[in-house]
Amino acid sequence: MRYYEQRYPEVDELVMVQVRQIAEMGAYVKLLEYDNIEGMILLSELSRRRIRSIQKLIRVGRNEVVVVLRVDREKGYIDLSKRRVSPEDITKCEERYTKSKTVASIMRHVASKAPSPVVEEGADAAQSEEAALEQLYEQIAWPLSRTYGHAYDAFKLILTDAKAVLATLATQPSENITQVLLATIARRLTPQPIKLRADIELTCYTPVGIDAIKRALFNGESQGSETVPIKAKLVAPPLYVLSTNATDKYAAVERLERAIEAIQTSIESQGGGLVVKMKPKAVSETEEQDLAQLMAKAGRENAEVSGDEDDEEAAV
């Protein structure tokens, strides 16, 4: 299935390809965004430097970002270049390809759950699904791409205003397809919260030390927001953890950094100090489990032992 409305890429277009075969003339590839049609990267277009070993430049099975040099639609020839692609081009193409793959995944799921009734007579299940998929692209994805630049961007807007986005379609999808589409977009594109954490050491040996630390931590927590709440926890003196759950990683990191600054300003004004042991970052489930075990161990070590009280009661 091709991702875009045009059947062939345009000259100077960046495309994602997968290397299929390496030959004397260059490398045969398939264009992943254009229904795996074949293209070739000529040997002279592989690198700006002198080529000593093709295998070090390109490998079978690997995806590469290339630029289109020539398209012969009648003969089906597509000449490509790897050496004319800049690092910025690679980033740009990879972002578009990721978007397109996401759209393809959503559309394929919709086609499997709400197949179009318009299929060729005698077609098997796979053919029917491919026909339904192409019809969905023609009815939904490609028109949205014309309006919004990319169907992925339109799908993101559907999360907040589905009615307005779908109203731009010339042919409205059936109620069944619409329901499956909206449910699939919500499940695939709704941002999932991630756990972020920063570890700090906080000390204050003045007479107001305990109160100063409490006040500093409160000032740090106050830097949180409704979408990025910040919680401060004691691991074991002098180690404290600042944590948050948020869907926006960059906003969460910024909030945690502001919290650390607020804590540092507060504690230093009372004669204390702060040392950052781990800068704000997203943490894995394993790291969270390790922290929980450390806190549990510290809790057990700090727990009061009541054995002396029991001995005194027995003596009485």
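Let us begin with Arg96, which counts as partly exposed because its relative accessibility is 22%. Please bear in mind throughout that this is a predicted model.

With which residues does Arg96 form salt bridges? One partner is Glu13, where the closest N and O atoms are 3.6 Å apart. This pair connects distant parts of the chain, with Glu13 in the segment before E1 and Arg96 in helix H2, 83 residues apart. Glu33 is another partner, and here the N to O distance is 2.8 Å. Glu33 sits in the loop between E2 and E3, 63 residues away from Arg96 in helix H2. Through shared partners, Glu13, Glu33 and Arg96 are joined into one network of salt bridges.

In total, 13 salt bridges are counted in the model. Another one of them joins the side chains of Arg20 and Glu38, at 2.2 Å from N to O. Arg20 is partly exposed, with a relative accessible area of 39%, and Glu38 is partly exposed with a relative accessible area of 39%.

I turn now to the strands themselves. Five strands form a closed barrel in the order E1-E2-E3-E5-E4, and their pairing is mixed. From one strand to the next, the twist averages 50 degrees. Strand E1, residues 14–22, pairs with strand E4, residues 63–72, in the antiparallel sense over 5 bridges. Within this pairing, Val17 has Glu64 of E4 as its bridge partner. Helix H2, spanning residues 87–113, packs on the sheet and touches E1 and E4, its direction making about 95 degrees with that of E1.

Ser47 lies in the loop between strand E3 and helix H1. At 17% relative accessibility, Ser47 counts as buried. Beyond its neighbours within four places in sequence, Ser47 is in contact with Leu57 and Arg83.

Asp12 is in the segment before E1 and counts as exposed, at 61% relative accessibility. Asp35 is in the loop between strand E2 and E3 and counts as partly exposed, at 47%.

Where is the cis peptide bond from Pro237 to Pro238 placed? Pro238 is in the loop between strand E7 and strand E8, and the omega of this bond is near 5 degrees.

Finally, the aromatic side chains. The count of aromatic pairs is 4. In the pair of Tyr137 and Trp142, the ring centres are 5.4 Å apart and the planes stand at 45 degrees, so the pair is tilted. Tyr137 is buried, with a relative accessible area of 1%, and Trp142 is buried at 4%. Elsewhere in the discussion of rings, Tyr3, Tyr4, Tyr34 and Tyr97 form one aromatic cluster.

Thank you for your attention.

Methods: Residues numbered from 1 in each chain as written. Predicted model: local features only at pLDDT ≥ 70, side-chain atom pairs only at ≥ 80, totals over all residues. Heavy atoms only, no water. Pairing = 2+ DSSP bridges. Helix = DSSP H or I, 4+ residues; strand = E, 2+ residues; numbered from the N terminus. Axes fitted to C-alpha atoms, helices over the stretch in contact; angles between N-to-C directions. Contact = heavy atoms within 4.5 Å. Buried < 20%, exposed > 50% of the residue type's maximum accessible area, 1.4 Å probe, protein only. Phe/Tyr/Trp six-rings, centres within 6.5 Å; stacked < 30°, edge-to-face > 60°. Salt bridge = Lys/Arg side-chain N within 4 Å of Asp/Glu carboxyl O.
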